[in-house]
Amino acid sequence: MNLSVTLRIFAAVSMAVIQLASGNFVFNVTHKFAGKDKQLSELRSHDSFRHARMLANLHLPLAGDSRADSIGLYFTKIKLGSPPKDYHVQVDTGSDILWVNCAPCPKCPVKTDLNIPLSLYDSKASSTSKKVGCEDDFCSFVSQPDACEPMKTCSYHVVYGDGSASDGVFVKDNVTLDQVTGNLRTAPLSQEVVFGCGSNQSGQLGKTDSAVDGIMGFGQANTSIISQVAAARNKKRIFSHCLDNVNGGGIFAVGEVESPLVKFTPLVPNQLHYNVILKGIDVGGEPVALPPSLAVFGGNGGTIIDSGTTLAYLPENLYTSLLQKITARQPIKLHTVQETFACFSFTLNTDKAFPVVNLHFEDKLKMSVYPHDYLFSLRKDLYCFGWQSGGLTNQDGSDVILLGDLVLSNKLVVYDLDNEVVGWAEHNCSSSIKVKDGSGAVFSVEANNLIASSSSSSSSLVIN
């Protein structure tokens with residue numbers, strides 16, 4: 001697979017509670033697999049769709065992503081229009097637009113296996129809906145100068161690696177979120193944003209097993225939700241997520257995190273994925289050699305943080321070396337399950353029997369991955385490694401690492417786009433964090449789960 005064609009596609013990230021620096025916004029979230037036994041085929045299938053999505057081509061330079069089935073691990077509920085109407089969307093920090101299915105749309109999904117209602121946005125039914133023309137500044141961000149003529153509607157066409165496609169136009173309308181006004185207190189707040197109105201879907205976009213109403217993008221471009229709202233309120237572009245892989249849901253916040261304390265590493269500049277520089281790996285203190293192309297960042301290679309991916313994908317030689325180090329002190333016999341998963345029988349405590357894997361990044365930032373993170377229990381006394389041999393490379397042949405939920409769960413991950421850094425701290429994602437608003441006031445934000453909070457009237461978040 002080739003990452004050179006991802007010039008407008010970002011890595012997706014799962015999320016749960018939103019807070020803006022000018023005020024906090026709360027979303028209840030749920031994990032697609034929460035409460036279910038983890039089936040490796042489901043996890044691998046999810047990642048296969050995810051990678052095809054990341055490696056897709058765009059017909060126009062639109063930094064959007066609109067696959068809404070079979071790949072979303074988390075989802076939320078937002079309100080659009082006047083009067084406000086509910087829409088369930090994936091929250092994607094890798095995409096750059098808010099995108100929903102719009103009426104009329106004969107090929108949009110009408111049902112889903114996620115036990116949520118699906119809705120079509122109707123611009124004619126909203127008193128605050130406005131058209132976005134080619135002369136609009138927003139349109140200049142997403143189309144070539146010769147691709148859109150003055151006085152015409154700003155449109156988009158996106159084609160994905162699996163052949164799926166989405167067509168639509170941009171509209172401007174209100175998004176209503178629950179603003180945090182104090183500890184555990186909220187009030188609705190409306191903000192005008194530009195979003196995609198998808199009217200023609202094809203391929204996998206019409207499937208119904210995991211369909212939602214659209215995508216809410218939190219990417220780095222000016223067209224993303226975080227960029228639009230931050231610009232409107234003259235605030236910084238900072239967001240965080242804390243994924244709870246045990247209970248589902250978690251925390252997502254936009255704004256400065258007061259607690260826990262987070263240390264940072266630089267984002268590689270001028271990249272559309274969340275790329276970081278991996279300097280080294282050790283297993284219980286013993287170093288593992290990195291592929292030469294990862295040691296010094298070049299081209300578009302390196303290490304991508306992508307919580308839209310479930311597992312962690314490594315170059316084949318690094319994968320082999322890592323597993324050899326992990327299993328060196330344990331007399332286990334590995335066998336292959338479902339063609340790609342290295343599994344073994346074991347009756348002891350895995351956290352005591354297997355070593356911690358430490359990832360070391362630029363500026364001496366470390367990420368520790370524990371046995372309970374990188375081992376899946378399929379059934380009693382049967383475990384499989386979540387580390388995968390990914391085989392992802394750049395056009396120049398350099399290796400690419402994808403770090404997904406396996407390493408990001410149960411950590412507060414903070415993205416500071418203005419300062420081009422990302423950081424993390426170990427944290428119980430079923431608990432709360434403290435965030436600071438624009439006035440300097442500090443509020444506690446608790447973890448939420450959309451399913452558990454289904455009786456609440458507050459907004460809910462779909463995270464990817």
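Trainee: Which residue forms a salt bridge with arginine 237?

Mentor: Aspartate 418 does, with the closest N and O atoms 3.1 Å apart. Bear in mind that this is a predicted model. The pair links distant parts of the chain, 181 residues apart. Arginine 237 sits in the loop between helix H3 and strand S12, and aspartate 418 in the loop between strand S29 and strand S30.

Trainee: Is arginine 237 buried or exposed?

Mentor: Arginine 237 has a relative accessible area of 17%, under the 20% limit, so it counts as buried. Aspartate 418, at 41%, is partly exposed.

Trainee: How many salt bridges are there?

Mentor: The count is seven. Among them, glutamate 286 pairs with arginine 329 at 2.8 Å, N to O. Glutamate 286 lies in strand S18, while arginine 329 is in the loop between H5 and strand S21.

Trainee: Switching to H5, which of its residues are buried?

Mentor: Leu318, Tyr319, Leu322, Leu323, Ile326 and Thr327. Viewed down the helix axis, they fall within an arc of 150°, so they line one face of H5.

Trainee: And the largest nonpolar core, which members touch the most others?

Mentor: Val357, Tyr374 and Trp387, out of 79 residues. Helix H5 supplies the largest share of this core, five residues.

Trainee: Where does that core lie relative to the domains?

Mentor: Domain 1 and domain 2 both give residues to the core, so it lies between them.

Trainee: What does tyrosine 374 contact, leaving aside neighbours within four places in sequence?

Mentor: Its contacts include Ile326, Phe354, Val357, Trp387 and Leu406. There is also a second, separate core of 13 residues, including Val257 and Cys429.

Terms used
Residues numbered from 1 in each chain as written. Predicted model: local features only at pLDDT ≥ 70, side-chain atom pairs only at ≥ 80, totals over all residues. Heavy atoms only, no water. Core = buried A, V, L, I, M, F, W, Y, C linked by side-chain atoms within 4.5 Å. Buried < 20%, exposed > 50% of the residue type's maximum accessible area, 1.4 Å probe, protein only. Helix = DSSP H or I, 4+ residues; strand = E, 2+ residues; numbered from the N terminus. Domains from an automatic or database assignment. Contact = heavy atoms within 4.5 Å. Arc of directions from axis to C-beta. Salt bridge = Lys/Arg side-chain N within 4 Å of Asp/Glu carboxyl O.
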